[in-house]
Amino acid sequence: MIPVHGNLRGRVAVITGGSGVLCSEMARELARQGMKVAIISLNKDKGQRVVDSIVSSGGEAMAISANVLEKQSLIVAREEILTQFGGVDLLINGAGGNHPDAITVTEESVQEVEGKTFFDLEEQGFTNVFSLNFTGTFLACQVFGQELLKAQAPSIINISSMSGFTPLTKIPAYSAAKASINNFTEWLAVHFAQAGLRVNAIAPGFFITTQNKDLLVDEKGEYTNRSKKILAATPMKKFGEPEQLLGALLFLADEAYSSFVTGTTIPVDGGFNAYSGV
C-alpha cells in the first residue's frame with residue numbers, strides 16, 4: 001500500500017470528472033491520505049456513489065453536479081465547496097472523454113467500431129469532444145485558480161493522454177484536445193510560476209474504462225484488433241490498472257516531493273511513449 005503523505009491531510013481537492021473509473025480511484029486515494037474531496041460530475045448520482053464509498057471508509061467528501069463547459073455552473077460549484085470545506089488546495093481536471101460523432105473509421109475497422117469517414121465528420125461532433133476535454137479544463141482552471149492562489153502550496157493536475165504526444169488513429173478531436181492540454185499545462189505553469197501555483201499533467205497510457213471499452217473489448221469479452229496493436233506497442237505488454245496512476249498523482253500533489261516540478265506531463269503508460277516499434 002502507498003504510504004500516507006501526512007503533508008496532504010486536511011487539504012481540499014477538487015476533481016472534475018471525479019466519478020469516472022480513473023478519477024474515482026484518485027478521489028478515494030486522496031481521501032485516504034486525509035484530504036477533503038469534492039467530486040464534480042455532470043451526474044450527481046454517480047459522484048455520490050464515489051462519495052459514499054469514501055465516507056464508508058472514514059474519509060470526507062462531497063458530490064456536486066456541474067457542467068465544466070458552463071462557467072457559471074462551475075462558479076456555483078466553487079461556492080458550495082468553499083461553504084463546506086473552506087478553500088481549495090488541489091484541482092484535478094479529469095472531465096473529458098470521446099464520442100462516436102468524433103470517431104472516424106477506416107476500411108479495415110468498419111466492422112469493429114462505430115464511426116464516420118473523415119469527410120463525414122460534422123463540426124458539432126468534433127467541437128463537442130474538443131471542448132469537453134480542453135475548454136472544460138481551461139474554465140475549471142479559471143474558476144478555481146483564484147481560490148488556489150490563496151492556498152499555501154496549491155497545485156493543478158491536468159489529465160492528458162498518450163494521444164497528446166502522438167495522435168491515435170480514429171480519434172482526431174480527442175487527440176487534438178489532449179495535445180492542447182499538454183501545451184496549456186506548460187503555458188499555465190509559466191504564467192503562475194512566481195505566484196507559487198504549480199501546474200502539471202499526468203498522461204495515462206491505456207486503461208480499460210467505461211468510455212473506451214467498446215474500442216478495446218468485443219462482445220465476447222476478447223481483445224479487439226485495436227487492443228492487440230496497443231499491447232504490441234506497450235513494452236510491458238498489458239493494460240494499466242487505475243491504482244497505478246496514484247504514485248504519480250501523489251508525487252505531483254505533495255510539494256514535499258515535487259516543489260520544483262511544474263510544467264511537466266508525466267506518462268504512466270507501461271513504456272508506450274518510449275517505444276519506437278523497433
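Asn182 is buried, with a relative accessible area of 10%; buried denotes under 20% relative accessible area, exposed over 50% and partly exposed the range in between (1.4 Å probe, protein chains only). This residue belongs to helix H5. Its side chain reaches the backbone oxygen of Gly164 at 3.2 Å. Not counting residues up to four places away in sequence, Asn182 touches Ser160, Gly164, Phe165 and Thr265, contact being defined by heavy atoms within 4.5 Å.

The model is predicted: local features need pLDDT of at least 70, side-chain atom pairs count only at pLDDT 80 or more, and totals for chains, interfaces and linings use all residues. Residues are numbered from 1 along each chain as its sequence is written, and side-chain values use heavy atoms, with hydrogens and water left out.

**Sheet**

Seven strands form an open sheet in the order S3-S2-S1-S4-S5-S6-S7, with parallel pairing. S3 and strand S7 (265-268) are the edge strands, each pairing on one side only. From one strand to the next, the twist averages 20 degrees. Two strands pair if DSSP finds at least two bridges between them; helices (H or I, at least four residues) and strands (E, at least two) are DSSP runs, numbered from the N terminus. Strand S4 (residues 90-93) and strand S5 (residues 155-159) are joined in the parallel sense over four bridges, and Asn93 has Asn158 in S5 as its bridge partner.

**Helices on the sheet**

Angles run from 0 to 180 degrees between N-to-C directions, with axes fitted to C-alpha atoms, for helices over the stretch in contact.

| Helix | Strands touched | Angle |
|---|---|---|
| H4 | S1, S2, S4, S5 | about 175 degrees to S4 |

H3 has 15 residues and reaches 21 Å from its first C-alpha to its last, close to the 21 Å expected at 1.5 Å a residue, the expected span being 1.5 Å times one less than the number of residues. Its buried residues are Ser73, Leu74, Ala77, Arg78, Ile81, Leu82 and Phe85, and their cover includes S1, S2, S3 and H4.

**Nonpolar cores**

The largest nonpolar core has 32 residues, and Val14, Ile40, Ile81, Leu91, Phe144 and Ile156 have the most contacts inside it. Such a core is a set of buried Ala, Val, Leu, Ile, Met, Phe, Trp, Tyr and Cys residues joined through side-chain atoms within 4.5 Å. H4 gives the most to this core, with seven residues. Leaving aside neighbours within four places in sequence, Phe144 contacts Val14, Ile40, Leu74, Arg78, Ile81, Val88 and Leu91. A second, separate core of 31 residues includes Leu8, Cys23, Ala253 and Val268.

Notes:
Polar contact = N/O pair within 3.5 Å; in protein donor to acceptor, adjacent residues only side chain to side chain.
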